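Subject: The structure I promised you

Hi,

Here is the structure we talked about. Have a look at it first, then read my notes below.

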Amino acid sequence: MGHPRGFLDIPKENPKALPPKERMKNYREFYLPLDKVAQQRQGARCMDCGVAFCHTGIYAPSQQNSLSPISGGEIGCPLHNLIPEWNDLIYRGLWEQAYERLALTNPFPEWTGRICPAPCQDSCVCAIHGDCVTIKSNELAIIENAFASNLVRPFVPQKKSKHKIAIVGSGPAGLACAWELNRYGHHVCVMERSDRIGGLLMYGIPDMKLDKSFVDRRINIMRQSGIELMPNTEIRDSAAAEKLLAHFDAVVLAVGASKPIDLDIEGRGLSGIMFAVDYLTRNTKALLDSGKPDTLAKDKRVLVIGSGDTSVDCIAVAIRQGAKSITRFERSPKRAAERQNDNPWPLKKDVFVTDYGLQEAIAVYGKDPRAYQKLTKAFHGKNGKVNAVSAVDIEWSEENGKKVRKEVPQSQKEYEANLVLLAMGFSGIDESMRHAFGIHTDSRNRILTNQFCTNMKHVYACGDARIGQSLVVWAIKDGIDCAKAVHEHLAIKN
């Protein structure tokens, strides 16, 4: 620790964001990075803890069936990033060495430095009684400095193995698995059903959170490293799966949890109701193909159902498309402003926050779009198009250790809406993949594995397809670990 009083003497400083009404004029990233000197000062705030929780990478499961008052959640970075080391290195101005340490554990820090919710910061020891270290912005500063200094180069193995491995899916898990397998010296081919490589990184996250040039930049490095990337390649039936297994020594399914959760209620078949991921994909594709955004939400009353990051992204995009109004329904109650007893440090914080899209909605429409404890009961329409929804208020209680919801009597109301976006999460893999490969899944439609191996010989799985919908950083971690398992199994085979 180069500055023993850094966390006491230096205040926390985050990158500044452009004001909501200014940034909503376009789809560009809106955080302004700190200058190099200021970022180095932020590195000095790291305490080099004797027991550092920031890089522990533990997932604590929910304790619903025990007497423990603690809820589940993440603790620290699952990639086990060497956070205290590279914080100290940037404080001392050793940016190249900081990049070398960062690259040891994280193949894609330019993505996690932008879109990861940073459980590492919530688990920082400084966060117990004060402001955490700005780990996320330090990480992003290291990798962007590395790119600017031409330190990020392709990795072409000096010796190649005879093994060929196919990876189905090009999201963060698939690309992390491909990167690691290439480092082991194997021939790797990544197949993506969409027209562009990147999975949800490309089409599921808007440009203002992750500019697609930063996805393409890394993809080009992977191509230069000898990794074959094949967009517009879909494996949907058993014939295609059998052909794949005949040509490759191993197949890794990194197809994500791509099946969105639906809302099967009255009026679901009306026009104007769509899944959030389809809405975001449509807008990003329009920007990439023509340079002009989609206008689906223009002059419409938009209702977003769901409370996660995807719902925030939908709100931000709808604002930029010119929505007349925006409302978001959440089934859960409003979160507390501070940590509660069942969510102690070092767990990831579960507190009330107003993310970027919500800030923009408040600035544009003059009110918070969130409506809490709402349960949608029916969609209503005219001439086949949705124009309203019915919803009731709900109350939550605990019975036999489980949360139970009850509808509030006589609380049903009708709300205007002529564009409804379903952002309620995902329920596992696409059914076609299960049938194509004959793989087993669990009750939540996740691929069952043993050491990343499925029930089918030479077929592996990783990422959200295996662990369920999760953070990008957990998907990357799972892809890296899967690559190691595949490599070891191929070595045994020899």
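Strands S13 (residues 374-382) and S14 (residues 385-399) run antiparallel and pair over 8 bridges. (Helices and strands here are DSSP runs numbered from the N terminus, with at least four residues of H or I for a helix and at least two of E for a strand; two strands pair if DSSP finds at least two bridges between them.) Within this pair, Val-386 of S14 sits opposite Gly-381. The two strands make a hairpin with 2 residues between them, and Asn-383 in the turn has a positive phi of about 55°.

Before you go on, two notes on the source. The model is predicted, so to speak about local features I need pLDDT of at least 70, and side-chain atom pairs count only at pLDDT 80 or more, while totals for chains, interfaces and linings use all residues. Residues are numbered from 1 along each chain as its sequence is written, and side-chain values use heavy atoms, with hydrogens and water left out.

Now the parallel sheet. It is an open sheet of 5 strands in the order S7-S6-S5-S8-S18, with parallel pairing. Which strands stand at the edges? They are S7 (228-230) and S18 (459-461); each has a single partner strand, so one side of each is left without a neighbour in the sheet. On average, neighbouring strands are turned by 20° against each other, direction ignored. (Axes are lines fitted to C-alpha atoms, for helices over the stretch in contact, and angles run from 0 to 180 degrees between N-to-C directions.)

Inside this sheet, S5 (residues 164-168) and S8 (residues 250-253) pair in the parallel sense over 4 bridges, and Ile-167 has Val-252 in S8 as its bridge partner. Helix H12 (residues 238-247) packs on the sheet and touches S5, strand S6 (187-191), S8 and S18, with its direction at about 150° to that of S5. Helix H18 packs on the sheet as well, touching S5, S8 and S18, and its direction makes about 160° with that of S18. (Contact means heavy atoms within 4.5 Å.)

Ile-167 and Val-252 come up again in the largest nonpolar core, which has 74 residues: together with Val-486, they have the most contacts inside it. Helix H18 (residues 472-493) gives the most to this core, with 11 residues. (A nonpolar core is a set of buried Ala, Val, Leu, Ile, Met, Phe, Trp, Tyr and Cys residues joined through side-chain atoms within 4.5 Å; buried means under 20% relative accessible area, exposed over 50%, partly exposed in between, with a 1.4 Å probe and protein chains only.) Neighbours within four places in sequence aside, Val-486 is in contact with Ile-165, Leu-181, Ala-250, Val-252 and Tyr-460. There is also a second, separate core of 28 residues, including Met-24 and Tyr-279.

On to charged side chains. The whole structure holds 32 salt bridges (a side-chain nitrogen of Lys or Arg within 4 Å of a carboxyl oxygen of Asp or Glu). One of them joins Glu-144 and Arg-217, with the closest N and O atoms 2.8 Å apart. Glu-144 lies in helix H8 (residues 135-148) and Arg-217 in helix H11 (residues 212-224), so the pair ties together parts that are 73 residues apart in sequence.
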